[in-house]
Amino acid sequence: MKKFFLEAGPVLRALTRSRAGAVLIALQCAITLAILTNAIFIIQDRVRQMARPSGVDSENVFSMRVKPYKPGFNLANDIDRDMAAIRAMPGIVDAGVINSLPLSEGGSSGRIYQSPDIKPGDGQFTANYYTDDHSLGSLGLKLVEGRGFLPEEVKRGDRTADRGEASIILSQTLAKKMFPGGGPVAGKTLYTDDGTAQHVVGVVERLQAPWISFGELEQAMLLSQYRLEPAYLVYVIRSQPGQRNALMPQVEKKLQELDPDRIIRSPRTQSEIESDTYASYRAMAVILGTVIVLIVAVTSLGIIGLASFNVNVRRKQIGTRRALGAQKGDIIRYFLVESWLITTGGALVGVGLSFALSWWMVNTFDLPPLDWRYVPVGVLFLWVLGQIAVLAPARRAAELPPALATRSA
Amino acid sequence: MLTYNLRLAWMSLRKHPVLSLLMIGAIGLGIGVCMTTLTVYTLMSNNPIPHKSSALYAVQLDSWDPNDPYTESGRPPPELSYRDAQALMESTIPKRQAAMFKSGFALQDAEAKQPPFTVLARVTYGDFFGLFEVPFLFGGGWDRSADRNAQQIVVLSKEINDKVFGGANSVGKNIRLDDREYRVVGVMDHWHPSPKFYDPNNGDFDDPEEVYVPFGLGTALELTSYGNTNAWKPEKINSFQDFLNSEYIWIQFWAELPDAKTKDDYQAYIDQYVLEQKKLGRFPRPLNNRLSDVMKWMDEREVVTDDSRVLVGLSFLFLAVCLLNIVGLLLAKFLGKSAEIALRRAVGATRWQIVQKHLVEVGLIGLLGGALGLLLAFGGLRGVKALYGGYDHLVQLDGRLLLIAVGLALLSSLAAGLYPAWRAVQLAPAGLLKTQ
Amino acid sequence: MLQMTHISKVFRTELVQTHALRDFSLNVAEGEFVAVTGPSGSGKTTFLNIAGLLETFDTGSYRLDGQDVSHLDDAARSRLRNEKIGFIFQGFNLLPDLSVFDNVDVPLRYRGMSGGERRRRIDKALEQVGLASRAKHLPSQLSGGQQQRVAIARALAGTPRILFADEPTGNLDSLMARQVLEMLEEINAAGTTIVMVTHDPELARRAHRNIHVMDGQVTDFTAFAAAQTERESLAA
């Protein structure tokens, strides 16, 4: 190792005297580092966001919508009949109705306040899920405090039905925001934006909002009331583990049999819904990943190309060194040191470029600033890449016979 | 001279196949990545109605919360309340205008022989079709009286007409929507504006709706809006009429204002309307009404995603790395040919002729790389389609993008070749003579 | 044909400066065949580079074919090289990837001739050096002597006024060397001026006139007549 650095002086002097080639590779390394650090940072950020659990038992939950088309249908009766039938099917854990599903990109939101005396700017954003007394079981939510809704708490009816006083269940994040002091939450009262009282009966560990762009993704609540309007209702069903895919068409068929005068539409699994919603995140990660692989390949080839070229033009010089007593290891080390110097030069510029690129993206777009720790890791990677890429040409150089020294040209 | 240089360039590429492939590959990768991201970007920033985009205006009134603007940057909300949309429709200033919202039905043939299926519907005024120059196969739209009287008439998309009537002229025939009979008055030809500029709030690249019905039906049948409905203040809504009278916003509104004067007049008109409403205790925010033409509207609604812009930026940096790579390889190659350059100089080639010769070689590499890049972009776009799953038939390379790809390949390769070619001609022609 | 007066050329590096030519004067008449001899480092290569317009000089003046070429720019000197000068090198300097035909074609390409005219000239030049049948061969498929003859054809195809030869037989065996030399004499007899750098006294003796260069200066003229008599006696 000591020898490696001792060599750096002469190699550096040789480099500075020559070679646009070295500068080009260094520049390439600099841009590569900037792209590498920023792209990996973005990928990591997206992967982290995608990994956040929605709170729903996604693997076992599926949903479908029902559209009656004969005027004069009685939706309340239909729902009761449908629910009883579905819950009776073997393999079904629970079923219920809800206005929308976490991460489904459509739903309702509002503000919630600690006191009925509402002041502007008070309160917290929350996603509102209008649902029934089977919501915990059908979504597979994990209760951490209190209880689920009781059948007698559930109110339903026309368009005024989802705007009254009801029971609510909060996500833990929302509960902590509303009651920063801690202590039991069940039994407390909160107020929706027209000052209507809502009674907290429970808290679930996690419940995400329907929109990933929603500022407060983890703030949501269930309300024990819903509107009898087909466009605003989803049947949500949870199966025993492993039976979801088999049960989904069976439920669809069952619903159609119970009443042929309606359309059963959009049967979807919750994992599908979540995966579709995150499609753009996944796409970004995959595209950036591809760019990273390509850029590393191109830069490595650049380093290999330059080293091979240098080996060729220095054949005689290398032969002479060998004739003068340099060992194969010495020749290899020369090229390794040279590559290390070039990548280091590139890295120096690249560190600045990485932060500049991040600065541009933070200012132009809504992206978080680059975590600085990605930069030293990137530099380390660049060093290793440079050493590996140069190894093959360096070994070829070491195999050149010392007799080259005495040959012309 | 060009053909001569091309022949020499081709021979030179064949002479060093690995080096040539490396360079063509590098340009190809750079172009491929750039074209993939650029295609997605241009698709998002596409002008969906080019010859008319500057005459069509989305109308925004700032009816929002006095203490909390709709967006941090102070933009008014993108949609109108029902009562304001109704009021604006009374204006005679715009050449055409239409309030609209998205809804849905169960559609069935008139005799109810086939099982019904769901369709997306646009509930709008008859001006919609003229406003957006919707092409018709059969029949046409409807007039204002149909809107007022809530006539049960419908315009079908080509796809629905094909499905229900096998593509025949169905004007005058009936279909059933949510079990009510509607008479077909028009069948649209294929119409697919992309982005879906007239309602980007509810799916900016969605397909247009499948059926179109008069706006008056919206209230007569109490149709539900499938789009976003937003409110800022608590209101007791006990009936559909309460909802229509409320400050809830959910209606998109477009006006055709063919010249600057009409636009100014209309701006004055909506401002006057809001000032009058202020007297009634509405519109608590400062006057902030906007008319945005199509492209400004796309910009405002952020139809082009930040991700897409980041990717374009990064892919051009990637192209830069590829080019630096090529500069290095070309430098090595050209300097390696110093004997040939010296000889050509000795027998009378000027510096410029030598530069030309090398640029032709580089240009050839660029063209081959561009061709490879197009192939890669083609594959890349298939990948993008699969990844996003939403853009399907929209993601494709058209003639303009093809031209951009070739131009970009040629330009960037020539830029990469300039320095090596310049370095190559700096060699003195005298180097050939042996005895020193 | 060639008039150099008080030419000097200095090469400078960081450490040394070398006077390659100092106060170098020389006249070569039209139709002459001049041999330039001298030891290594004497400046004869620099002379040839300057005479062939491959390099510029510091002071003095140079007239070529009646034209002052002291202050021409690179493009004008390139054109003169193309139209009035032919080169023959010790190492032949054929382009290895091009066929014999294409090698001879190289200078003509830079003169903007029509395709027919080029073809006519190439055919004629190859005929002249006896290689018409080898037009499609690559240089590597030819012997050294044949390669040098291709190089001569390349020089002739442009019908130059003056031919510069740098050790033209240096890489050839004696039989081939004689063929090449005879060819040069034929060319000279047809009216083309030839200036040949060599350190082979045998070769030099065949020229009309010998110029000896030492330390960047002309030191010795051998009389034209003397060479002439020698030629006659050889012929006898």
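This report walks through the chain contacts of a predicted model, taking one pair of chains at a time.

## How the chains are arranged

Let's start with who touches whom. Two pairs of chains are in contact, and of these, chains A and B share the most contacts. Chain C is in contact with chain B, while chain A and chain C do not touch. The nearest C-alpha atoms of chain A and chain C are 13 Å apart.

## The interface of chains A and B

Here the contact draws on 49 residues from chain A and 50 residues from chain B. The size of an interface is often given as the accessible area lost when the parts come together. For chain A and chain B, the buried area is about 4300 Å², and carbon and sulfur atoms account for 73% of it.

If you like to look at individual pairs, four salt bridges link chain A and chain B. One of them joins the side chains of Lys67(A) and Asp178(B), at 3.4 Å from N to O. There are also five residue pairs in polar contact between chain A and chain B, both residues being at pLDDT 80 or more. On the chain A side, the elements that each supply at least two residues are α2 (20-51), β13 (262-269), α8 (279-313) and α10 (328-364). The largest share comes from α8(A), with 16 residues. By class, the side of chain A that touches chain B holds 29 nonpolar, nine polar and 11 charged residues.

## A closer look at α8(A) and α13(B)

The axes of α8(A) and helix α13 (residues 351-388) of chain B come within 8 Å, and the two cross at roughly 145°. From α8(A), the residues that take part are Ala279(A), Ser280(A), Ala283(A), Met284(A), Val286(A) and Ile287(A). In α13(B) they meet Val384(B), Leu387(B) and Tyr388(B). This contact of α8(A) with α13(B) has eight nonpolar residues, one polar residue and no charged residues.

## The interface of chains C and B

Now for the other pair. In this interface, 29 residues of chain C are in contact with 24 residues of chain B. The area buried between chain C and chain B is about 2700 Å², with 59% given by carbon and sulfur atoms.

Chain C and chain B are joined by four salt bridges. Among them is the pair Asp102(C) and Arg7(B), whose closest N and O atoms are 3.1 Å apart. Nine residue pairs across the interface of chain C and chain B are in polar contact, both residues being at pLDDT 80 or more. The chain C elements that give two or more residues to the side touching chain B are α1 (44-51), α2 (74-84) and α3 (100-109). Sorted by class, that side of chain C has 10 nonpolar, nine polar and 10 charged residues.

## Where α3(C) packs within its own chain

Besides giving residues to the side of chain C that touches chain B, α3(C) packs with helix α5 (residues 144-157) of chain C. The angle between α3(C) and α5(C) is about 30°, and their axes are 8 Å apart. The crossing of α3(C) and α5(C) is right-handed.

Which residues of α3(C) and α5(C) meet? From α3(C) come Val100(C), Asn103(C), Val104(C), Pro107(C) and Leu108(C), and from α5(C) come Val150(C), Ala153(C), Arg154(C) and Ala157(C). By class, the contact of α3(C) with α5(C) has seven nonpolar residues, one polar residue and one charged residue.

Key
Residues numbered from 1 in each chain as written. Chains lettered and ligands numbered in written order. Predicted model: local features only at pLDDT ≥ 70, side-chain atom pairs only at ≥ 80, totals over all residues. Heavy atoms only, no water. Contact = heavy atoms within 4.5 Å. Buried area = accessible area lost by both parts, 1.4 Å probe. Polar contact = N/O pair within 3.5 Å; in protein donor to acceptor, adjacent residues only side chain to side chain. Helix = DSSP H or I, 4+ residues; strand = E, 2+ residues; numbered from the N terminus. Nonpolar A, V, L, I, M, F, W, Y, C, P; charged D, E, K, R; others polar. Axes fitted to C-alpha atoms, helices over the stretch in contact; angles between N-to-C directions. Left-handed = near helix turned anticlockwise from the far one by under 90°.
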